[in-house]
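Subject: Structure handover

Hello,

Here is the structure for you to look through. My notes follow below it.

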Amino acid sequence: MSADAFQDRAFQHTLRAPALFAGVGVHTGAYTRVDVRPAPVDHGIVFVRTDVTDRDNRVPATGEAVCKTQLGTVIGNAAGVTVSTIEHLMAAMVMLGIDNAVVELDGPEMPIMDGSSEPFVRILDRAGRRGQEAARRYIEILDTVEVVDGDKRASLSPAARFEVAFEIRFPTAVIGTQAIDMAMDGPTFRRELADCRTFGFLHEVEALRAMGLARGGSMDNVVVIEGDRVLNPEGLRRPDEFVRHKALDAIGDLYVLGMPIVGRFEGELAGHAINNQLVRALLARPDAWRVKTFVEDLAEAV
């Protein structure tokens, strides 16, 4: 490993400059402006609702803060302030190696952009990264932790690197059974997962809108399926875009642990709810993981 690669992997990073963007939320339909700012070491990822001024408007992205998981991950604080649909930005953050950031937004939901993580990757790349003088902490999985809910399953098990495996099954011929299994790092995420969009079924839209969801959804930010066909004029970005997006979601959902993972994630028919159940199950099993740093590993090797 080169010195630069070791530095990149072993030390915490924040943004070099603020990253600014705006867009509509897929569920609220609200137009929100976002300013992702640098933060000091050991700060983690903290969302700040600048439109809330009468109570605590800081919402740290932690496993315990996740308060809703219906068609997206929602975090909240003790004052009842929430931020919705954080998973696509969180996936970009962890896979680009951003440990510390303040995410200021003036609305209740992160912009959906094009439904993938790729816009966030581009925005964060433009802002740049800055190394910090503190070791990056990783969660090393020591023992398998699994959650099962009917036919849904998610697990974390020991591995020498971060690996992601996912399988989905849908009755429509457009999806059918799809599976991926790959070692996951920054370049792989950019190449294999970042551009894969969220998806939904046309027949569910009216019911979702009646529940106050999907108000900002359109074919600009969702792959829409009707029967056995994709309605988006441009079609799919990849034949298995659906399972790849599910893996992207899981990566973002796991980053509420506050540290990248050294271990293997497996998801079968899993979604945001079971992903967060897995996070909480892991936190409840302190014997199943430990915090490690590559700086310590180097010191031991020397």
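First, a definition: an axis here is a line fitted to C-alpha atoms, and for helices it covers the stretch in contact. The angle between two axes runs from 0 to 180 degrees, taken between N-to-C directions. Please keep in mind that this is a predicted model.

**The helix pair.** Look at helix α2 (residues 87–95) and helix α6 (residues 241–254). Their axes come within 7 Å and cross at roughly 75°. Angles of 65 to 115 degrees count as roughly perpendicular, so α2 and α6 are roughly perpendicular to each other. On the α2 side, the contact is made by Glu87, His88, Met90, Ala91, Val94 and Met95. They meet His245, Leu248, Asp249, Ile251, Gly252 and Asp253 of α6. Sorted by class, this contact has six nonpolar, three polar and three charged residues.

**Two positive phi angles.** Thr85 sits in the loop between β8 (82–84) and α2. Its phi is near 60°, a positive value in a residue other than glycine. Asp42 is not a glycine either, and has a positive phi of about 60°. Find Asp42 in the loop between β3 (31–38) and β4 (45–49).

Are these residues buried or exposed? Thr85 has a relative accessible area of 6%, so it is buried. Asp42 has 46% relative accessibility and therefore counts as partly exposed.

**A strand residue.** Glu133 belongs to strand β10 (residues 129–135). Its relative accessible area is 83%, so Glu133 is exposed. From Glu133 to Ile274 is 141 residues along the chain, and their C-alpha atoms are separated by 35 Å.

Best wishes

Technical notes. Residues are numbered from 1 along each chain as its sequence is written. This is a predicted model: local features need pLDDT of at least 70, side-chain atom pairs count only at pLDDT 80 or more; totals for chains, interfaces and linings use all residues. Side-chain values use heavy atoms; hydrogens and water are left out. Helices (H or I, at least four residues) and strands (E, at least two) are DSSP runs, numbered from the N terminus. Buried means under 20% relative accessible area, exposed over 50%, partly exposed in between (1.4 Å probe, protein chains only). Angles under 35 degrees count as roughly parallel, over 145 as roughly antiparallel, 65 to 115 as roughly perpendicular and the rest as oblique. Contact means heavy atoms within 4.5 Å. Ala, Val, Leu, Ile, Met, Phe, Trp, Tyr, Cys and Pro count as nonpolar, Asp, Glu, Lys and Arg as charged, and the others, Gly among them, as polar.
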